[in-house]
Amino acid sequence: MENASTALKIAGGIIIAMLVLSLIVFGIRRASRYEQQKQESVEVEQLAEFNQSLLSYENDIVSGFRMISLSNLANDNNVRFSSEIDDFVPVRIYAKLINTNGQLPGWSGYNSTDDYKKIKLSTGVETREKYFNMINYVGTTANGPYYIQSNGKATDKKTQTEFKQLYFQCMDVTYDKTTGRVIQMVFDEIKKRN
């Protein structure tokens with residue numbers, strides 16, 4: 001009888017220990033799930049903030065000055081996130097100008113196939129017309145922001161003024177299928193109505 005009593009005490013102790021251990025494991029899992037959800041929430045907020053910084057240009061008529069700002073913003077994000085995120089897809093900003101003859105203001109001898117080409121839209125359809133890669137066209141120099149680059153050198157103020165007086169409208173936005181980040185925006189020059 002004494003052995004049975006001892007066996008019951010041992011079995012009871014084991015059951016209690018298993019219950020306590022189960023509660024500890026349950027608590028740890030719940031806490032880690034909470035931290036994971038919190039981290040996912042932060043990532044969603046960062047994604048929304050990133051996309052919103054670019055999408056604020058989507059529904060407006062964008063002046064050439066704002067197009068330069070958008071291109072610099074995209075370039076800054078590309079530089080910043082390319083070292084922080086594995087498999088980072090850079091943001092591309094493309095623009096089609098009305099009367100360019102294959103030239104952007106201030107770019108003589110402009111013939112890079114990466115900078116002026118047909119592009120694929122978010123639908124997967126390739127454009128008929130060629131578009132300019134605005135990130136390669138716009139840059140920031142030591143002389144100050146928003147100097148349009150011409151073969152690596154800042155162009156004069158007349159060229160900048162000419163470009164800044166143009167108007168653009170967003171025609172297409174492409175999102176990364178994995179991350180949901182904006183990876184491409186396509187603009188067409190428009191004639192601004194008064």
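Two aromatic pairs are counted in this predicted model, where rings of Phe, Tyr and Trp (its six-membered ring) pair if their centres lie within 6.5 Å, and planes under 30 degrees apart count as stacked, over 60 as edge-to-face and the rest as tilted. Phe50 and Phe81 are edge-to-face because their ring centres lie 5.6 Å apart with the planes at 80 degrees. This pair links distant parts of the chain, with Phe50 in helix α1 (residues 2-55) and Phe81 in helix α2 (residues 64-84), 31 residues apart. Helices (H or I, at least four residues) and strands (E, at least two) are DSSP runs, numbered from the N terminus. The other pair, Phe81 with Phe88, is tilted.

| Pair | Centre to centre | Angle between planes |
|---|---|---|
| Phe50 and Phe81 | 5.6 Å | 80 degrees |
| Phe81 and Phe88 | 6.3 Å | 35 degrees |

Phe50, Phe81 and Phe88 form one aromatic cluster. Phe50 and Phe81 are both buried, where buried means under 20% relative accessible area, exposed over 50%, and partly exposed in between (1.4 Å probe, protein chains only). The relative accessible area of Phe81 is 14%, and Phe88 counts as buried at 15%.

Two strands pair if DSSP finds at least two bridges between them. Strand β2 (residues 92-96) runs parallel to strand β9 (residues 182-190), joined by five bridges; Lys96 has Asp188 in β9 as its bridge partner. Two bridges join β2 to strand β4 (residues 131-133), and these run antiparallel. The partner of Tyr94 in β4 is Asn133.

Residues are numbered from 1 along each chain as its sequence is written. In this predicted model, local features need pLDDT of at least 70, side-chain atom pairs count only at pLDDT 80 or more, and totals for chains, interfaces and linings use all residues, while side-chain values use heavy atoms, leaving out hydrogens and water.
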